[in-house]
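Open the model in your viewer and keep the sequence panel beside it. The stops below say what to select and what is there.

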Amino acid sequence: MIDPKKFDEIIDSINKALPSGVVQMRDDAEKNIRAGLTATFNKLDLVTREEFEVQSQVLLRTREKLEALEKRVAELEQSQQSK
């Protein structure tokens, strides 16, 4: 899920852009904007930065293991051809 602070930043910038005569409607606008943004981001099926970083580390370790195995297979093939 996206960081709630980002929602607050977006909402604050939208609220600041509203004309001064609309200040009374600000709370309603904030609720509607927040609900719309939340619904939109939930549909996108986003992951948090933490989840992304964890998966990046898993992928890195997997690549390292794969490279080690490829090297080992190449060495074994080489030794088999030498015999």
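Helices here are DSSP runs (H or I, at least four residues), numbered from the N terminus, and strands are DSSP runs of E with at least two residues. This is a predicted model, in which local features need pLDDT of at least 70 and side-chain atom pairs count only at pLDDT 80 or more, while totals for chains, interfaces and linings use all residues. Residues are numbered from 1 along each chain as its sequence is written, and side-chain values use heavy atoms, with hydrogens and water left out.

Colour by confidence to begin. pLDDT is the predictor's confidence in each residue, from 0 to 100. The protein averages 85, and 93% of the residues score at least 70. Helix α3 (residues 49-82) has the highest confidence, at a mean of 95, and α1 the lowest, at 80.

Next, select R49, which lies in helix α3. R49 counts as exposed because its relative accessibility is 57%; the classes are buried under 20% relative accessible area, exposed over 50% and partly exposed in between (1.4 Å probe, protein chains only).

Step back to L46, in the loop between α2 and α3. With 38% relative accessibility, L46 counts as partly exposed. From L46 to D8 the C-alpha distance is 18 Å, across 38 residues of sequence.

Now select M25, in the loop between α1 (4-17) and α2 (26-43). M25 is exposed, at 54% relative accessibility. N15 is ten residues from M25 in sequence and 9.9 Å away, C-alpha to C-alpha.

Show α1 and α2 together. How do they pack? Their axes are 10 Å apart, at an angle of about 140 degrees; axes are lines fitted to C-alpha atoms, for helices over the stretch in contact, and angles run from 0 to 180 degrees between N-to-C directions. The pair is therefore oblique, the class left over once angles under 35 degrees count as roughly parallel, over 145 as roughly antiparallel and 65 to 115 as roughly perpendicular. Residues in the contact (heavy atoms within 4.5 Å) include D8, I14 and N15 of α1 and R26, E30 and R34 of α2.

Finally, select F7, I11, I33, L37 and F41, the five residues of the largest nonpolar core. Such a core is a set of buried Ala, Val, Leu, Ile, Met, Phe, Trp, Tyr and Cys residues joined through side-chain atoms within 4.5 Å. α1 and α2 each supply at least two of its residues, and α2 gives the largest share, three.
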